[in-house]
Amino acid sequence: MGFLESRKNLTGSACGLVGLVLTFAGVAGPYWPVVVAGLYGAGALVAPPERPPLPDFPDASARLDELRGDFDTLCAYLADVDLPPSAAGELTELTGLLAALLEPGWVSEILSRDPEAVHALSRTVRQDVPEAVDAFVRTRWWHRMTPGQDPPERHLERQLTLLRGEADRLAAGLREIEARRQESHTRYLEDRRRTGGTAG
């Protein structure tokens, strides 16, 4: 069935029909089978090749839905981790900002139009935050066995501060997109007023 519906078969069949028309018109003569077969073959050869369908990758909205589920999993994991107060405060601010960015609505709609922002947010949720917290938990145990080293909570606080900075820059970039959109609309209204309201 795939070949019957292919471009090569359809084009070849159309050319073969031309051969039959020539036969009935008396042009092909006794060699009409060769003419019909030749025209069919020529049509099949010149037909454009079949184009395989594009892979069906999930769009940005679907990726954000998956990321929300992973963020919920991350929050459940973090709730079971005992962190020092300073690091816990940094983590609370970071997860609060991530939750706001992932909240369904107009913010996530803007986010879904920026694949780089989605990737950065995904990396923070799925890799950076869990790795930072897990490294702290493992290193804290060794620090108790061999005191005198740089406290692991200091590294965790620095890591969370850096991640918070990345999330702040991401939010600022999205805010800038909306600010440019607002300014663009203002210019449009001003131009429309100058032209007497005739602009479409």
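What percentage of the 200 residues of the chain count as buried? The share is 28%, where buried means under 20% relative accessible area, exposed over 50%, and partly exposed in between (1.4 Å probe, protein chains only).

This is a predicted model, in which local features need pLDDT of at least 70 and side-chain atom pairs count only at pLDDT 80 or more, while totals for chains, interfaces and linings use all residues. Residues are numbered from 1 along each chain as its sequence is written, and side-chain values use heavy atoms, with hydrogens and water left out.

**Whole chain.** Display the chain as a cartoon. Seven helices and zero strands are present; helices (H or I, at least four residues) and strands (E, at least two) are DSSP runs, numbered from the N terminus.

**The core.** Next, select Leu-121, Val-129 and Leu-156. Of the 31 residues in the largest nonpolar core, these three touch the most other members. Such a core is a set of buried Ala, Val, Leu, Ile, Met, Phe, Trp, Tyr and Cys residues joined through side-chain atoms within 4.5 Å. Helices α3 (60-79), α4 (85-102), α5 (106-112), α6 (115-145) and α7 (152-194) each supply at least two residues of this core, and α6 gives the most, with eight residues. Now centre on Leu-121. Leaving aside residues up to four places away in sequence, Leu-121 touches Leu-67, Leu-98, Leu-101, Leu-102, Leu-111 and Leu-170, a contact being heavy atoms within 4.5 Å.

**Salt bridges.** Proceed to the charged side chains. The structure holds 10 salt bridges, each defined as a side-chain nitrogen of Lys or Arg within 4 Å of a carboxyl oxygen of Asp or Glu. Select Arg-68 and Asp-65 in helix α3, which lie three residues apart, about one turn of the helix. Their closest N and O atoms are 2.6 Å apart, and Arg-68 is buried, with a relative accessible area of 17%.

Move to helix α7, where Glu-176 and Arg-180 are four residues apart. Their salt bridge has its closest N and O atoms 3.7 Å apart; Glu-176 is partly exposed at 40% relative accessibility, as is Arg-180 at 45%.

**The surface patch.** Finally, select Leu-17, Leu-20 and Phe-24, which make a nonpolar surface patch of about 350 Å². Patches are made of residues with over 30% relative accessible area and no salt bridge; like charges are joined within 9 Å, and nonpolar side chains (Val, Leu, Ile, Met, Phe, Trp, Tyr) within 5 Å. Accessible areas come from the Shrake-Rupley method with a 1.4 Å probe; for residues, only the protein chains shown count as cover. Phe-24 is placed in helix α1 (residues 7-24) and counts as exposed at 75% relative accessibility.
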